[in-house]
Each structure stands twice: as structure tokens, then as C-alpha cells.
Amino acid sequence: MSQSRLLSVLVENKPGVLQRVASMIRRRGFNIDSLSVGPTEDETVSRMTIAVHVGRQQAEQATKQLAKLVDVITIDDITGLRNVAHELVLLRMHAPPGERTELLNMVEIFRGRVVDVAASTIIAEVTGSTEKIDNFIDLMRPYGIKELARSGAVALVRGDQARIRVLDFANGDDDRGAVPQAPAGAAGDQMGNV
Amino acid sequence: MIPAAELHPAPRLTGAQIALECLIREGVDTIFGYPGGANLWLYRWLPEYPQLRHVLVRHEQGGAHAADGYARSKRGSVGVVFATSGPGALNLVTGLATAYMDSVPIVAITGQVPTTAIGTDAFQESDVIGSTMSVVKHSYLITRVDDVAATIREAFHVARTGRPGPVLIDFPKDLQAAVTAFSYPEGPARLRSFRAPAPPDPAKLRRIAQLIREAKRPVILFGRGVVIAQAEEELMQLAHLAGIPVGWTLLGTGAFPVNDPLALQMVGFMGAGYTNKAVCAADLLIMIGMRCDDRVTTRIDSFAPDIEHLVHIDIDPAEIGKNVVPHISLVADARTALRELIPLVEPKREHTWLTRVDQWKEEHPVRFVNHNGLLQPQEVLQEMYARCHDEAIVLADVGQNQIWAALWFSYGRPGLFLNSGGTGTMGYAFPASMGVKLANPDRTVFCVTGEGGFVMNMQEMATFVENDIDVKVIILNNASLGMVRQFQDDFYEGVRSAVDLSFTPDFVKLGDAFGMKAMSTRRREDVGAMLDEALAHRGPVLLNFDIDPDANVYPIVPLGKGMLDFVEAS
Ligand SMILES: Cc1ncc(C[n+]2csc(CCOP(=O)(O)OP(=O)(O)O)c2C)c(N)n1
């Protein structure tokens, strides 16, 4: 069963890190829903928040392969944890004087704000969960969206602890009760290359 | 008082000198390389370091494979290759990929255009970091001369730690010339992302020992992880202690003595029938240091169907559960895991099981049939192995020659059999064998290859002759791309397409042109004498054997079929 997983990854703040991560994910055939990267409280470290759409076993493979990259310092699968995962959207809306008030009300309901007003358009900004942003965009569509920019999720786990659990595969508990099987999505067939 | 640093100031050296100083401190004695505009400062200083033997290869790919052969055959060492920017560096790609797939520690140092020219499409500039990203364990672009020493230190650490692999350092030309104070980084290299595996969990070890005690039909399969960890002795101990038959992957070949009563053979696609039968009947399968790829499993649902417990031991956590999902896994190197496990295992023998395995051995021997009186490849290999005295290091290239050489490897004790198992790189063995011989000057080295793979890197004959690298090269010449020809005959409707190699050079004349002793025969009765003559000759020898052009690899599992559908020689 395929589901969205949210990975919080601390990486060395070095040139090429983004390419290494993206290249690994592409090469192994994982699908990224969103990826955001930015600085942290430590200037030598950046945080990547990666949303991938994969099955459970594939998610484990993706995190293990990520963990192997030398520039990846720690990786945490925070899917389903009590986390705050927010993204930001900027929407340029068609906003003729007659419809403006209605639009502004909608933005208000989503606790967004208007950050630019021009003769026939406005730019609205909303932050929140991916679901909330999806809803907002759906409701705005009938008014005529002229342009849209989404940041992708950034996330932190709630509570006093800086992180709940750092995945440490070298020392993890891998016991399972399953029998040998092809990983989800893998060709069960023999490749037959020579 | 004058501070110590002022009394003994760190010497001021160029980036190139610092790199060479660091290589010496990493234990490097041999570099395979090729010069060009972007690494000439390294070459300017190289002659001042006679401890570093530089071997001028004739193509950078040959240099990468030679560094690989050096590292595989001198375990614990790291192979080193130099190349210039652009075309030089890009010529390394196949060699890096080969080392990456087979977990071989090498460090490649490539020249790069000056930092000020990077990104301008300067002459011979290419994005080497980008081009090699998916075939290296890690890579570095040096951006400050002050980083040279620490980068080299870390690169060697990454190459040899955990699951080994190739590391590339891209070294801009201006930084090779820039001067700074040199002090060698003290203490071990530290990487905050690297967590050494904890000692194996005692509870898991006890559980594995218990599974061994309870198993009625146990089998061990192992791969190159055992070779890398030098765990041959421990493997033998465990097998004998608990009476467990042992089979191996192509890359595990050689590490367990074929003549041992508990030896199975290679497993899988072109493995021995009796190994496949044992794996399919096993109730407990212990996999050690292997990836379990499609060459091992054949059709995945046919792999070990009767298994009740699958144990997987590997140093790389990402291998656990990648292709098959184990019931118990240990993230550890093979040697550590086995050393901890052995004291917990009770001596035992499942006689019924061992008798059944022995019956399969008799029913499905690895064999060949000579139908037509033409020279068979196995006849050549039997004569060669008879002259290995359980001591020679044997390399094989890719194709039929590789599988024949693997299946006929027959030592009474663990030996080294090296080949490109993961990428299947044709042209690997001949250049790699230079590295093997230079790392093991006192051992006999045989390089088995097809004529197709040999010509892919035959330019290295010049390197062999120039450096008098004493390797005996056995060309199994079937005048075709044999393995592909066999696939076309059996799996692609019998249409032979682009596999004819009857237009291949006269290898005796070719040897002559390069100044390399060369001999050729098509007759069975010449084989032994030719090998003896080659061994008596000091220096490299090329031996061409014109073999039966229709000789095939058996057993083989037809494409898309399962482990027990193997077809045998008839
Ligand atoms: C670089 C490269 N190109 C193509 C292949 C595909 N391939 C695998 S085996 C083979 C034939 C090898 O022929 P030869 O070297 O004569 O050895 P033989 O199989 O005849 O022993 C080919 C073309 C490969 N493995 N590597």
C-alpha cells in the first residue's frame, strides 16, 4: 500500500548535497511529492524535509539509502508522529473590484493575508498543512488563479525533545516475520542482462 | 619563550606536494595514472617522491581497473588512480562503477580546471562530480588549498570504512599550485554522519545459534562480503562445527574450498544444479555478505520457497530487506558476526540432509561434454588450475569465460578469484590483473578472458611490457561474443546478430608487436606444455586458445524461469 511519508533529514551544508539526495532518489526510482531545504540553527547543517509517496518497504529502502550518503547526518521518518508540517502558498488571483471583498473574506477564513494588491489582481499568502493548502486552492480555483507558488512542507516534531528518534540502521532492529519476497514495485522477473 | 610552532613551523608546500605527502601517509605505494593539462602540478612533484611508484597506463579506464585489482587483491589497501580533467576523468567512469558495484575501495584523484574557470565551459572542463555521482561512494571538489590534507584523509577513511567503495577527489589546477603550511591532520578521521555498527546483539546471536540447532536442512550462502572482511577461516569453522553445506555467489567464488566435503558451488542463474536444489529445499538459509541480486535468485518467487527462517548478515543496512526480507538480520561485517556467533553454536550433523545433498552432487555434477573433439574451454582451465597449486590469484573477465573459470575453480583452501560480478564490465580483467600482480609480486597471477573483452583494453599490453608485469593471460578464443551468442541461440529465437568476432587480430603477432611473449594453439595436447612454458618464462605471456566456438555455459536457468529449471550439459 502506497502512502505519503515525511522524512526530516539533517545534511551537511555543502555544495552538491541537494544533487546527491535528488540523484539517489531518482536513481532508485522513488517519487518525491515535495522537497524543501533550508538552514538550521547550526550554520554547518541544513534541514531537508522530503515527502515521498511510497510503500512501507520502499520507504524503508529510501531512508536506508539516504542514510548511506556521507553528507546525510541524521534522518528521521516523522510520518504519523505528532509533528507540525507546514507549507506556504502564494496565489496571484484575478480580483476585479466586484469580487474583491469575497476573496478577502476567504483569505481571512484561512488565516491568510494579502501581500500584494494591483489594479486587477491580488497576491494571497496562506500557510498550514498540505491538506489545508489543497483546500484553499480548490476553493480559490473558481475565482481564477493566475499564478501559484508552493513551498513544499517543512516540519518539526512537537514537544521539548529536539528529535524523537534518529534512525540508526547500523544498529536498528530489523527482525520481521515475513518470508522472502520481491519489494513492492520491483520486477519479480529476471533481468537477463549479459 | 618562543612558541613551538615558531621553532618548528609547518613546512610550506604546494597543494600537489601535500596531496602526495598524504598519499604516502595513507600507505599508498603504487599509483596508476595518466597525465594531462589539469593534473600537471601533481606530475611535476611526483618524481620527488620515489616511494610512490607511478604506473603510466595507456587508457584511464585501465588505470581505474588496475587500482581496483590492486585493492581487491591486497586486502585492507586502497587503490589509487590519477586522471586529468574532462576526457581523462570521464574515462574513469566505467572503472568507478565497477568498483562501486563490487564494493572496492579506490581513491581517484582527477585534475580540474582552475577554480576561477569552473562553470565557464573552459577547455577540458567537465562536471566530473556530477557525472560520477551515482557510481561513487562519495566525492569531493577541493575549493581551498588548506583543505587538501583533510580531504585526502577523509576520502581514504570513507573508501575503506564500512562497506568499502570508490571515492573521487576533483582537484582544481590552481589549488595544486597554491602554497600553504602543511600539517598532517592528527587523530582518526571523523565523520559525524558515520556510525560504526554496534557489536552484534547477543540476543540475536543466540537466536541464530538456536535456529542452527533446530534446523533440519540448513544452508549457508555467502558473497564478496566474506572476502572483504577476510572471514574465510571463520566461515569454514562455522560450517564444520554445525555441518552446514556452503554455497556462494559469483563474487564469493574462491573463498570456500570447492574440495571441502561441505562445499556446494556457485548458486543461481548459472550456478550448479545441486546448489540450487539445496537452497530450494533448505529450512534455514543463512546469507552472509551478499546482496542477493537477480543473478542469485533467478525468478524471485522460486528462490528458497521452503525456507522457515532466513538470516541475513551484511555490513550495509540498506541490503537488508532490499531484495529478500529476512526473519533475522545482523548489520555487521562477516568476520565480526561469525566470530561472535561461533562460540554459541553447538556441534551437530544432520546426516539425512547431508546425504541428500551428496546425492544431488552426484546427480548434478558440474561437468562438460566434448562432442566434437575440438578444444573445450574447461580442458584449458583444468590444466591451468592444476598449475595454480592452491596459491595463484585468478582473474576472469566477463562472459562465458567468466562462468567457466568460476565453476572450475578448485582449490583445497580459500583462494582469490576476482571478477567484475556486479557491473559485468568487459575489459576488466586484463588491466585489473596489472594491479593484482603489482600488489602481489610473489604470487602467480592468471588472467582468463574472452577475445572480445581482451581487445577492449588491450592497449595495456604496453604497460605490462614496460613494467614487466608477470601475468599469464589465457584467452579463451571462440571467435565470437560467446555469452551473447549463447543467449541469442537459446533465448532470442536463434538469430545470431552482431556476435561474430572471426575478425580478431592474430594474437601471436599482436604480442610480438608489443614485445610480449605470445603463443597459440587449437590442440588439446599442446595445452599443458604451453602453460608450462608460459610459467617458466619470467614476464607477461599471452596464451591464445582457439576453443570450440559452440561451447556453452552450463548449467543455466532459462530467462524468466526459476531456480530448479536449470538446464545442464548434455
Ligand atoms: C563493456 C561491455 N559491453 C557489453 C557487454 C555485454 N556482454 C556480456 S558478455 C559479452 C560477450 C563477451 O565476449 P568475449 O569477451 O569474447 O567472451 P566470451 O563470452 O566469448 O567468453 C558481451 C558483449 C558487457 N558485459 N560489457
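Colleague: What share of the 570 residues in chain B is buried?

Modeller: This is a predicted model. Buried here means under 20% relative accessible area. In chain B, 61% of the residues fall in that class.

Colleague: How does the radius of gyration of chain B bear on its being a compact globule?

Modeller: Set the value against what a compact globule of that length would have. For 570 residues that is near 25 Å, and chain B has 25 Å, so the two agree. Along the principal axes, the C-alpha atoms fill a box of roughly 80 × 65 × 45 Å.

Colleague: How many helices and strands does chain B have?

Modeller: Chain B has 24 helices and 20 strands. Now look at contacts with a separation of 6 or more: 76% of them in chain B join residues 24 or more positions apart.

Colleague: Which polar backbone atoms lie within reach of the ligand's oxygen atoms?

Modeller: One ligand oxygen is 2.8 Å from a polar backbone atom of Gln400(B). An oxygen is also 2.7 Å from one of Gly453(B). The protein buries 83% of the 580 Å² that the ligand exposes when taken alone.

Notes: Residues numbered from 1 in each chain as written. Chains lettered and ligands numbered in written order. Predicted model: local features only at pLDDT ≥ 70, side-chain atom pairs only at ≥ 80, totals over all residues. Heavy atoms only, no water. Polar contact = N/O pair within 3.5 Å; in protein donor to acceptor, adjacent residues only side chain to side chain. Areas by Shrake-Rupley, 256 points an atom, 1.4 Å probe, with all protein chains shown as cover. Helix = DSSP H or I, 4+ residues; strand = E, 2+ residues; numbered from the N terminus. Rg over C-alpha atoms; globule rule 2.2 N^0.38 Å. Buried < 20%, exposed > 50% of the residue type's maximum accessible area, 1.4 Å probe, protein only. Contact = heavy atoms within 4.5 Å.
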